[in-house]
Amino acid sequence: MFGPNLFTNYGEAVSVILFVIGFSNLLMQKNLIKKIIGLNIMDTAVYLFLAEKGYIRDRVAPIVVDGVQEVEAYINPVPSGLVLTGIVVSVSVTAIMLSLTIRLYRRYHTLDLDEISMLLKKEGR
Amino acid sequence: MSFVQNVPFFSIILSMFSGIVSSMLPAKAARWVNTCLIVAVGLMSGILLVYLTNTGEPFVYWMGHFPAPWGNEIRAGVLEAGMALFFCLIMFLSMIGGRRQLADEVAENRQNLYYILVDLLLSSLLALVYTNDLFTAYVFVEINTIAACGLIMIRQIGRTFEAALRYMIMSLLGSGLFLISLCMLYDLTGHLLMSNIKESVALLVAQQEYTVPLMTTIGLLCAGLAIKSALFPFHSWLPDAYGYSTVSSAAMLSSLVSKGYIFLLIKIFYRVIGFEIIAQSKIINVLFIFGLLGMIFGSMSAIQENDIRRMIAFSSVAQIGYIYMGFGLGTEAGMTASIFHIFSHAATKSLLFVAAVGLTDVSKGRREFIELTGSAYRNKMAGIAFTVGCLSMVGVPMFSGFVSKLLFAEASIGHAHKMLPAVLVLALSTILNAIYFMKTVIRIYVPDYRSDCKTITVKNQKVYALTLLCFMVLNVALGMLSKPIENWIHSGLAMFG
Amino acid sequence: MKKNSAFSRWFYGEKDTLLGKVEMKPQNGHAPRAGEIRELMEERRLIREHIYDVEDNQKLRLFHRLYQAAAVVFCLMLMLIMLVVVSWLPENGDPDNPVNNEVSARYIENGLQETGAVNIVTGMILDYRAFDTFGESNVLFISTVTVLILLHNKKKEKKTSAEGGMRADKSIYEENLILQKIAGILVPIIVIFGIYVILNGHLSPGGGFSGGAIIGAGLILYQNAFGFEKTERFFTEKTYKWVCFVSLTFYCLAKSYSFFTGANHLESGIPLGKAGAILSSGLILPLNICVGLVVACTMYTFFAMFRKGDF
């Protein structure tokens with residue numbers, strides 16, 4: 001079942017394990033703040049994955065030094081750009097989740113999503 | 001290069017720019033900008049559609065000075081242009097139809113923000129429709145998600161906050177899966193551009209290299225988009241979000257936002273993976289099963305519902321099940337039926353939401369069925385429109401819903417393994433649809449002359465009545481002109497190739 | 001038809017799914033009135049017991065057990081699937097991987113000549129793939145819009161409620177002598193470093209996003225040390241609106257020009273300058289400045305909204 005590269009790809013393995021940890025936290029935690037932490041773990045795991053994908057042995061970051069422009073000198077610049085975009089998206093989404101949490105907390109004085117649903121039912125419409 | 005080919009780029013940039021400008025404008029001006037924008041983009045898309053139908057050739061458009069695998073690129077064919085036109089039409093009608101509720105339900109100082117959200121939602125939908133690059137698609141999927149979240153919670157009551165939060169959680173799970181599978185696909189193929197990925201995937205499949213990761217990655221990609229478009233087990237956020245947000249938002253969420261993701265999924269099937277490969281894989285079987293489950297359970301929940309808006313929302317779950325069932329058939333005919341159902345569902349569902357608001361308005365704003373008794377007599381136009389929507393949903397001939405059901409049935413007949421379950425569930429779901437929609441129609445037409453409720457005539461609300469009329473005409477037009485539309489979808493799918 | 005059968009109740013719309021399950025009386029809002037806090041606490045305890053009443057509710061207990069088991073199984077399955085995928089992916093760090101193809105080769109080999117940026121990543125995100133990056137700035141913009149919808153107080157409320165808070169603020173800030181002295185030294189350095197990172201985005205690691213975040217952090221530190229009274233002198237809602245509007249408009253127009261000329265195969269006529277100089281690489285430097293401004297303002301706005309609900 002497992003392929004040949006599980007141990008050479010240990011970085012990616014760690015990142016997908018972290019991804020699943022974040023994913024399950026976002027899905028199953030009852031506490032909203034813990035959910036948001038799960039979201040951040042998930043996103044960070046994706047950046048780790050991308051960074052691992054961009055890496056090439058014995059090469060340096062893609063900033064031209066001393067006019068050297070051979071492909072053999074630098075790592076792949078594409079994943080770095082993708083990580084940058086991912087970070088910005090993640091920041092925005094986290095801010096929105098946090099502000100929703102703040103509003104719900106101010107109204108219902110709890111961070112538990114089930115409790116909030118119950119209170120909403122009690123409130124009626 | 002013809003000047004018309006600038007249209008996709010102009011429409012995306014124009015809608016983004018209107019969003020930015022609207023941040024400085026008062027609500028009234030922002031509303032004007034928004035209306036003009038939707039009309040302008042709709043007109044431009046119409047011109048593009050005519051141009052593309054005449055030339056019969058799709059084209060790519062460089063975003064910058066560099067050709068495709070290096071720079072960004074957008075691409076337009078008949079289906080894309082038509083989709084953009086249709087999205088604009090629905091958005092325009094939904095915005096007009098819900099304008100009065102918007103003024104009541106959204107605080108004065110937040111109204112211009114609402115129009116920013118709508119502008120950016122339009123830009124993200126257009127970008128999802130036209131993009132030829134998977135990573136661009138990811139960025140705009142996120143804009144779409146955030147805009148939709150804003151549209152839900154702009155009406156600030158506890159229910160909408162909870163609904164927005166649940167929506168965000170589900171969407172973020174979907175985006176996470178989408179992003180990581182996107183990265184894995186990039187790792188396997190070395191490209192982010194759709195056409196290049198397709199070439200590499202075809203090569204990998206032919207050489208039988210990386211079969212396990214490739215198929216799993218594609219599966220995760222589909223799962224991510226399915227979660228985002230509220231396929232059956234992931235629909236828990238949907239009833240509250242559609243049921244309690246302001247009516248324009250509900251209409252746009254049900255008919256545009258989820259359809260944007262579904263259209264992206266279609267593009268991924270055709271332009272990223274290749275339809276033959278996806279049709280042979282097991283992924284579509286999974287989609288098929290969840291589609292069938294959604295068709296039944298969505299309708300069951302709708303039957304138990306006592307709130308008219310939430311009932312319509314649950315019906316959306318069933319309709320999205322239909323669309324995924326069409327994907328699951330894995331044939332060209334199934335895809336055509338699904339795409340037709342995207343149109344017919346979008347037209348009908350927004351009609352139902354807008355009409356339902358007319359009915360609740362004359363029942364003191366209450367949404368329980370018992371309060372709605374006889375409301376169709378108090379607001380005749382909304383009653384007629386709601387009935388038309390219900391008939392279309394149930395699948396009565398002449399209306400759009402009938403054609404899509406017919407297409408689904410035609411597509412499933414003759415399919416080796418999936419014919420029996422598909423046809424059976426289609427019949428069952430139609431019966432369930434009929435039960436809850438006809439019950440509602442009977443309820444609103446049960447005579448009950450209440451003196452304590454106000455009456456709305458066509459004269460009082462001319463714009464609202466006109467909107468409903470346009471919706472009905474659109475619905476009947478989709479039902480009557482099904483053959484040309486079907487042909488057009490076929491040519492659009494051929495242009496994807 | 002029997003009047004009270006389940007069917008007729010359903011048909012007449014009288015069926016109430018919540019009947020008998022929850023308390024139906026609508027509650028007043030949750031404004032914490034002084035004497036009722038204890039009651040509210042008690043009520044919440046009751047609700048909590050009701051939701052998690054595992055002992056008396058056989059069905060709920062079963063559901064909880066099943067849910068937990070399913071959750072664990074689901075996570076392990078997902079992890080297993082992902083690990084299998086990873087084990088089949090191309091070897092990490094191998095130069096012959098599919099990702100190291102002609103796309104990255106052109107970025108490295110011709111990036112400097114085509115974009116004028118020494119930092120290849122900056123050249124890539126602001127020139128080759130600028131459309132993505134423009135979308136990304138819009139993500140920031142729209143997320144600020146949603147945060148404003150959620151947390152921005154109305155102006156009238158602010159004056160009455162915030163005045164008390166402001167006075168309390170003042171006393172807090174007067175005590176924090178150490179924080180103020182250190183912040184007085186650090187904030188200029190942080191802001192200057194942020195500006196350096198933005199201006200050198202095309203020459204060295206960094207760029208608009210990172211530099212903007214640094215400046216935003218500097219502003220937040222300044223606010224924490226000296227209070228909103230000081231920051232309000234230069235950063236209000238108006239500042240935020242204008243800065244965001246001007247930068248995004250410039251970004252939009254500049255990129256539209258470049259997209260339009262590029263797609264129609266026209267020369268853009270923007271000089272790239274001498275590689276390695278600050279004033280080089282065409283549009284990248286102004287775009288970096290715009291992005292930096294937007295990011296800095298956005299970060300500070302998030303903070304101010306979370307903290308006070310106003311600028």
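Buried area is the accessible area (1.4 Å probe) that two parts lose on being put together, summed over both. Keep that in mind as you open this predicted model.

**Stop 1: chains B and C**

Select chain B and chain C and show their surfaces. Between them they bury about 6100 Å², and 72% of this area is on carbon and sulfur atoms. On the chain B side, colour B:Ile20, B:Phe66 and B:Trp70: these residues lose the most area to chain C, together 13% of what that side buries. To see the whole contact, select the 69 residues that chain B contributes and the 62 residues from chain C.

**Stop 2: polar links across the interface**

Now show side chains, and pick C:Arg129 together with B:Asp133. Their side chains form a salt bridge, at 3.1 Å from N to O. The count of salt bridges between chain B and chain C is one. Polar contacts also cross this interface, with 15 residue pairs found where both partners have pLDDT 80 or more. Colour the chain B side by residue type and you will find 46 nonpolar, 18 polar and five charged residues touching chain C.

**Stop 3: B:Ser245**

Next, move along chain B to the loop between helix 10 (238–244) and helix 11 (247–273), where B:Ser245 is found. Is B:Ser245 buried or exposed? B:Ser245 counts as buried because its relative accessible area is 1%, under the 20% cut-off. Show the backbone of B:Ala241 too: its oxygen lies 2.6 Å from a polar atom of the B:Ser245 side chain.

How values were computed:
Residues numbered from 1 in each chain as written. Chains lettered and ligands numbered in written order. Predicted model: local features only at pLDDT ≥ 70, side-chain atom pairs only at ≥ 80, totals over all residues. Heavy atoms only, no water. Contact = heavy atoms within 4.5 Å. Salt bridge = Lys/Arg side-chain N within 4 Å of Asp/Glu carboxyl O. Polar contact = N/O pair within 3.5 Å; in protein donor to acceptor, adjacent residues only side chain to side chain. Nonpolar A, V, L, I, M, F, W, Y, C, P; charged D, E, K, R; others polar. Helix = DSSP H or I, 4+ residues; strand = E, 2+ residues; numbered from the N terminus. Buried < 20%, exposed > 50% of the residue type's maximum accessible area, 1.4 Å probe, protein only.
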